[in-house]
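Keep the viewer open as you read.

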Amino acid sequence: MKTPNTWCPGCGNFSIDMAAKNVIEKMDKSKVAITAGIGCHAKIIDYVNVNSFYGLHGRPVPVAVGIKLANPELDVLAFSGDGDSLNEGISHLIHAAKRNSDITVVLHQNRNFALTVKQFTASSPKGFISNSSPDGNPEEPLNALEVVHAAGAGFIARSFTGEMKHLEETLEEAVKHKGFSFVEVLQSCPAWQGNGEDYHEKTYKMRKLPRNPLKRMKEWNYDNGERIPLGVFKKEEKSTFEEEMKTGKKKVNVLEILNSSA
Amino acid sequence: MEDFQVLIGGRAGQGSKATGRLIAKVLNRYGYKIYIYEDYPSLIRGGHNFSLLRASRERKRSIKKKIDFLLALNEDTIEKHSEKLDGELLFNSDKVDCEGVGVPIETIAKKHGEKIMQNTALLGAFCKLVGVEKEILKEVISNMPKPEKNMAVAEEAYSKIESKCNLEKCGDPDPLITGNEALSLGALEAGLENYFAYPMTPSTSILHFLADLKQDHNIQVMQPENEIAVINAALGAAYAGKRSMVGTSGGGFALMAEGVSLAAVSETPIVIVESQRAGPASGVPTYNAQSDLKFVLSAGHGDFLRIVFTPGDAEEAFYLTNLAMNMTWKYQIPAIVLIDKDISESTFSFDRSTLEMAEYWEESKNGCGPDYQRYQDTDFGISPICYPGGEATVRATSYEHDEYGTTTEIPEKIVKMQDKRMKKETILKEEIDRLGLIKTFGESDKAIVTWGSSKMAAKEAGKKAGWKVIQIMSFAPFPEKAFREALEGVERVAVVEGNRMGQAADIVERYVNVDQKILKYDGRPFYEEEIVEELEGS
């Protein structure tokens with residue numbers, strides 16, 4: 001069934017939608033499950049015909065963690081936004097990275113609450129004029145990459161909706177990575193930020209993994225700065241949460257347990 | 001002895017609870033039915049802890065004021081409880097000097113074992129005092145760690161004192177489990193595969209019990225970052241096909257409330273155990289209350305059906321959690337098991353025959369093909385449930401949606417899907433009527449109506465005062481038919497419950513006039529005598 005698309009013309013979500021579809025097409029679709037929170041990003045659920053759990057605001061990550069733990073055979077992608085996982089649900093993002101749950105989090109980074117018609121989020125620039133900050137955002141923006149890096153994420157990357165090939169390749173690499181993967185996708189918001197973003201101008205692609213990922217993450221502080229690096233900042237495999245959570249094999253025998261309690 | 005109470009008290013860390021459990025095991029072997037009430041403040045060292053153990057030939061699950069044996073690990077225990085003692089005082093003579101039976105339990109423990117074994121010494125002394133055969137004491141100690149040292153300690157204490165009575169065997173031993181263990185076993189019998197929880201008294205021991213079981217058994221147990229993650233992860237697991245359960249207390253449940261609503265609209269099965277403690281807010285963390293009834297009945301935004309069961313003891317916790325798990329998978333609506341601290345943490349001689357009530361209802365997986373509709377509208381509103389990983393594309397959602405799970409804002413669709421979900425109510429109510437879920441004890445034109453742990457004392461009080469006792473085991477759906485039948489011929493109604501506002505009484509008022517409310521909200525359980533006095537004073 002065809003669902004009418006309701007993203008604004010020029011919205012970066014179209015690129016993420018297409019890149020995700022192309023990546024999923026290459027996978028065993030029946031083994032893919034996607035989750036999303038609430039926000040413009042989340043509408044992707046209605047546009048991709050694949051197993052999905054369209055969750056609550058801020059909660060796509062814990063739902064994805066639960067799905068993966070319950071059935072590690074599934075490839076699980078959590079789509080989220082900056083309001084979704086840097087504001088409402090940031091604790092879930094940090095803990096999923098910390099526990100190395102084998103899921104891929106795609107963060108649609110448009111740096112404002114768009115669906116609720118323009119308020120500042122954790123990653124909005126300082127001074128950002130919005131309906132909840134008419135005098136300008138009073139807070140410094142949060143560097144999403146630094147947050148997941150501090151939490152121990154194994155795979156950290158950044159892409160941009162204006163670079164389709166890069167975006168698709170990065171998503172594919174993230175999905176294939178064993179362990180927690182985080183991809184921040186920079187996108188402009190045509191409705192509320194006008195053409196104020198100059199990602200085309202400022203972004204550049206890193207040729208290889210940086211030797212000092214944190215230094216490279218800090219190159220752009222989400223406020224000013226001339227150059228925004230794109231690409232994979234960190235790629236490190238370690239045992240996954242699901243591997244660590246192995247259970248015993250015995251079937252529970254309630255009568256046996258009762259008898260041993262006397 | 002027909003029916004007696006033993007109180008074991010001491011500082012936190014002195015082992016009063018462990019002593020209580022050991023004594024329970026000994027008396028269990030004589031066929032006594034055990035109930036242990038645990039009383040402890042929210043701290044790790046110091047304070048005053050006690051276990052009140054009732055042993056009776058018939059199953060009695062309440063506490064009385066009179067203590068027959070007072071076992072004091074410290075002086076504080078004597079000061080706090082000797083007023084209620086009408087029997088023997090057994091005390092730690094290393095710490096206390098007074099009248100009664102003194103045993104130098106610390107000296108004995110240090111001489112034959114380790115200082116920590118003073119509770120084994122107390123056990124040995126108690127066993128001699130009531131005339132327990134040494135063989136039975138040996139049997140219990142053989143299951144402890146370091147059995148040789150513990151036995152040497154117990155034997156020395158045993159030899160130090162004279163017997164005051166002679167216990168006789170009056171039956172066979174039962175399993176000895178807590179309410180939290182019982183409900184976990186009930187859930188396991190209904191196929192529990194994944195348990196998610198964040199620690200919170202008094203639900204925490206479910207997490208401990210299942211985490212311990214996980215080491216050898218195929219049960220998955222996860223402790224996520226907070227209760228919001230708990231319910232969301234559990235719903236994710238259930239969506240992926242695993243029978244999931246979460247456990248918490250009122251404060252944690254408050255955080256889960258949005259998830260209850262999510263379970264409802266996404267029609268994802270989930271069992272939520274809410275073990276109440278005294279609120280509001282942090283309240284009195286290790287003491288009891290039954291004050292979350294209205295909260296769980298209404299928690300979660302929007303209109304939706306739910307199941308709320310209210311067990312009143314370990315057997316009912318087993319049975320109703322088993323039923324809740326089966327029903328949430330059958331009806332795809334959230335099922336809440338509302339218990340309280342005095343069921344969760346109390347120890348019971350568990351009636352093995354309850355096991356026969358356990359069932360496993362398999363969910364129907366018809367229609368899991370390529371054109372699968374997660375929210376297919378059916379005669380009774382129940383859609384076939386399929387999981388990701390197979391032929392069907394399974395699309396669950398928090399938004400209002402069409403049959404495939406695609407978001408909708410079309411008025412006719414909204415109405416259709418709301419009606420679809422509510423349609424389940426018809427057969428759900430029929431099922432509740434079939435199950436009854438109202439228990440009655442005794443016959444009289446005067447009736448106590450009660451629920452949860454208060455039923456334990458109310459049942460004994462009703463017997464003594466000559467009142468009928470009516471126990472409500474489901475508040476959603478409310479078993480109206482069975483309740484009305486139970487009320488036939490009743491002219492006077494007293495509601496007994498553990499809260500300040502009379503939350504169940506308000507609900508009972510819809511069906512019958514409530515003449516009297518007997519409410520207790522000091523964190524402690526009802527004594528049988530308290531209820532009898534209130535009934536007679538009215």
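## Reading the strands

Two strands are said to pair if DSSP finds at least two bridges between them. With that in mind, let's turn to a predicted model whose chain B contains an open sheet of five strands in the order 16-18-17-20-21, with mixed pairing.

## Confidence

The model comes with an ipTM of 0.98 and a pTM of 0.98. For chain B, the mean pLDDT is 96, and 100% of its residues reach 70 or more.

## The sheet in chain B

Where does the sheet end on either side? Its edge strands are strand 16 (438–441) and strand 21 (516–519) of chain B, each of which pairs on one side only. On average, and with direction ignored, neighbouring strands of this sheet are turned by 20° against each other.

Within the sheet, strand 17 (residues 446–451) and strand 20 (residues 492–497) of chain B are parallel partners joined over five bridges.

## Out to strand 21

Strand 20 of chain B also runs parallel to strand 21 of chain B, and four bridges join them. Here B:A494 turns up again: its bridge partner in strand 21 of chain B is B:Q516. How does the chain get from strand 20 to strand 21 of chain B? It passes through helix 18 (residues 503–508) of chain B, making a right-handed β-α-β crossover.

## Where the chains meet

Now to the contact between the chains, which takes 53 residues from chain B and 43 residues from chain A. Several elements of chain B give two or more residues to its side, including helix 7 (179–189), helix 8 (204–214), helix 10 (250–266) and strand 15 (395–397). Which element of chain B gives the largest share? That is helix 9 of chain B, with nine residues. By class, the side of chain B that touches chain A has 26 nonpolar, 17 polar and 10 charged residues.

Strand pairing also links the two chains: strand 2 (residues 51–54) of chain A and strand 15 of chain B pair in the parallel sense over three bridges. To find the place in your viewer, look for A:F53, which stands opposite B:A396 in strand 15 of chain B.

How values were computed. Residues are numbered from 1 along each chain as its sequence is written. Chains are lettered from A and ligands numbered from 1 in the order in which they are written. This is a predicted model: local features need pLDDT of at least 70, side-chain atom pairs count only at pLDDT 80 or more; totals for chains, interfaces and linings use all residues. Two residues are in contact if their C-beta atoms, placed from the backbone, lie within 7 Å. Ala, Val, Leu, Ile, Met, Phe, Trp, Tyr, Cys and Pro count as nonpolar, Asp, Glu, Lys and Arg as charged, and the others, Gly among them, as polar. Axes are lines fitted to C-alpha atoms, for helices over the stretch in contact, and angles run from 0 to 180 degrees between N-to-C directions. A crossover is right-handed if, with the strands pointing away from the viewer, the path from the first strand over the helix to the second runs clockwise. pLDDT is the predictor's confidence in each residue, from 0 to 100.
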